[in-house]
Amino acid sequence: MKELSLHILDIAGNSTAADAALVEITVTEAAAANRLTITVKDDGRGMSAEFLAKVRDPFTTTRTTRGVGLGIPLFERAAVSCGGGLDVTSAEGGGTTVTAWFEYDHIDRQPLGDMPSTLTTLISGNPRVDFVYRHSTDGGAFTLDTRQIKGILGDAPIDTPEVIQWLGGYIAEGLGTL
Ligand SMILES: Nc1ncnc2c1ncn2[C@@H]1O[C@H](COP(=O)(O)OP(=O)(O)O)[C@@H](O)[C@H]1O
Ligand SMILES: [Mg+2]
């Protein structure tokens, strides 16, 4: 994958597939400390200790559409190749947290990519799931919480083309100020 946002899409897709009600995505660009950290935390069904022990291995999957599970191994490989690593914590019934960290200025570090598209894809594809996106740099922070957006929308659905387009612009504008 060429962009970290595509890894985020895959990892957050694991969360929605695990019936999460809330998915919290955090991107921390600590440039001065030379570290980029990405966390995807969910309250989905989680994994057994036995499954967790092998989840970083390619081919570990519960999906039936294709017999290879590569989302987590590929994300780990991207992180390790940039002087970082990946950690998964999970408990059956207790949700899952995936954390990946990278050397910020590593030559092989993929760019973050298109987070507005990644987030609007997740939100429009999973309108009943709530997402919190927190993005911070050394200069500032941006937060999007779909629970707040839904509160403002009232009875209007979040997954209409108009709202999704507005959200994409809102996120792009917010990230543009960081
Ligand atoms: N957030 C999560 N909650 C529960 N199970 C998960 C989560 N993330 C991954 N898994 C489990 O680990 C498996 C491997 O995930 P992944 O490496 O992304 O490959 P894939 O999604 O293609 O199966 C999934 O099939 C699923 O069983
Ligand atoms: Mg996956």
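Here is a quick tour of this chain, from its overall layout down to a few single residues. The model is a predicted one. Its secondary structure comes to 6 helices and 6 strands, and along the sequence they follow the pattern α-β-β-α-α-β-β-α-β-β-α-α. With a radius of gyration of 16 Å, close to the 16 Å that the globule rule gives for 178 residues, the chain is as compact as a globular protein of that length.

**Overall shape and packing**

- If you trace the C-alpha atoms along the principal axes, the chain spans about 45 × 40 × 25 Å.
- Buried residues make up 29% of the 178 residues.
- Take the contacts with a separation of 6 or more: 64% of them link residues 24 or more positions apart.

**The largest nonpolar core**

- In general, nonpolar side chains tend to be buried together in soluble globular proteins.
- Here the largest nonpolar core has 29 residues, and the ones that touch the most other members are Ile8, Ala12, Ile25, Val40, Ala100, Leu119 and Phe131.
- Quite a list of elements supplies at least two residues each to this core: the helices α1 (4–17), α3 (71–80), α4 (115–125) and α6 (161–176), plus the strands β1 (22–30), β2 (35–42), β4 (96–103) and β5 (130–137).
- Helix α1 gives the most to this core, with 5 residues.
- Alanine 100 is worth a click: leaving out residues up to four places away in sequence, Ala100 touches Ile38, Phe75, Ala79, Gly84 and Leu86.

**Helix α3**

- The buried residues in α3 are Gly71, Ile72, Phe75, Glu76 and Ala79.
- Looking down the axis of α3, you'd find these buried residues within an arc of 125°, so they line one face of the helix.
- As a rule, an α-helix has 3.6 residues a turn, so residues three or four places apart point the same way.
- The cover over the buried residues of α3 includes α1, β3 (85–90) and β4.

**Helix α4**

- In α4, the buried residues are Met115, Pro116, Thr118, Leu119, Thr120, Leu122 and Ile123.
- What covers these buried residues of α4 includes the helices α1, α5 (146–153) and α6, along with the strands β5 and β6 (141–145).
- Serine 124 also lies in α4, but Ser124 is partly exposed, with 17 other C-beta atoms within 10 Å.
- Apart from neighbours within four places in sequence, Ser124 is in contact with Asp159 and Ile164.
- The C-alpha atoms of Ser124 and Ile164 are separated by 6.8 Å, although these residues are 40 residues apart along the chain.

**Around ligand 1**

- There are 20 residues around ligand 1, and Asn14, Ala18, Thr61, Gly69 and Gly71 come nearest.
- Helices α1 and α3 are the elements that give two or more residues to this shell.
- By type, the shell around ligand 1 splits into 6 nonpolar, 10 polar and 4 charged residues.

**Two loop residues with positive phi**

- Most residues other than glycine have a negative phi.
- Aspartate 19, in the loop between α1 and β1, has a positive phi, near 60°.
- Asp19 is exposed, with 11 other C-beta atoms within 10 Å.
- Asparagine 34, in the loop between β1 and β2, also has a positive phi, of about 55°.
- Asn34 is exposed too, with 12 other C-beta atoms within 10 Å.

**Two more residues to look up**

- Serine 5 lies in helix α1 and counts as buried, with 22 C-beta neighbours inside 10 Å.
- Setting aside neighbours within four places in sequence, Ser5 is in contact with Leu112, Gly113, Asp114, Met115 and Thr118.
- Serine 5 and glutamine 110 are 105 residues apart in sequence, yet their C-alpha atoms are 9.3 Å apart in space.
- Glycine 174 lies in helix α6 and counts as partly exposed, with 18 C-beta neighbours inside 10 Å.

Conventions: Residues numbered from 1 in each chain as written. Chains lettered and ligands numbered in written order. Predicted model: local features only at pLDDT ≥ 70, side-chain atom pairs only at ≥ 80, totals over all residues. Core = buried A, V, L, I, M, F, W, Y, C linked by C-beta atoms within 7 Å. Buried ≥ 20, exposed ≤ 12 C-beta atoms within 10 Å, placed from the backbone. Helix = DSSP H or I, 4+ residues; strand = E, 2+ residues; numbered from the N terminus. Contact = placed C-beta atoms within 7 Å. Near = placed C-beta within 6 Å. Nonpolar A, V, L, I, M, F, W, Y, C, P; charged D, E, K, R; others polar. Rg over C-alpha atoms; globule rule 2.2 N^0.38 Å. Arc of directions from axis to C-beta.
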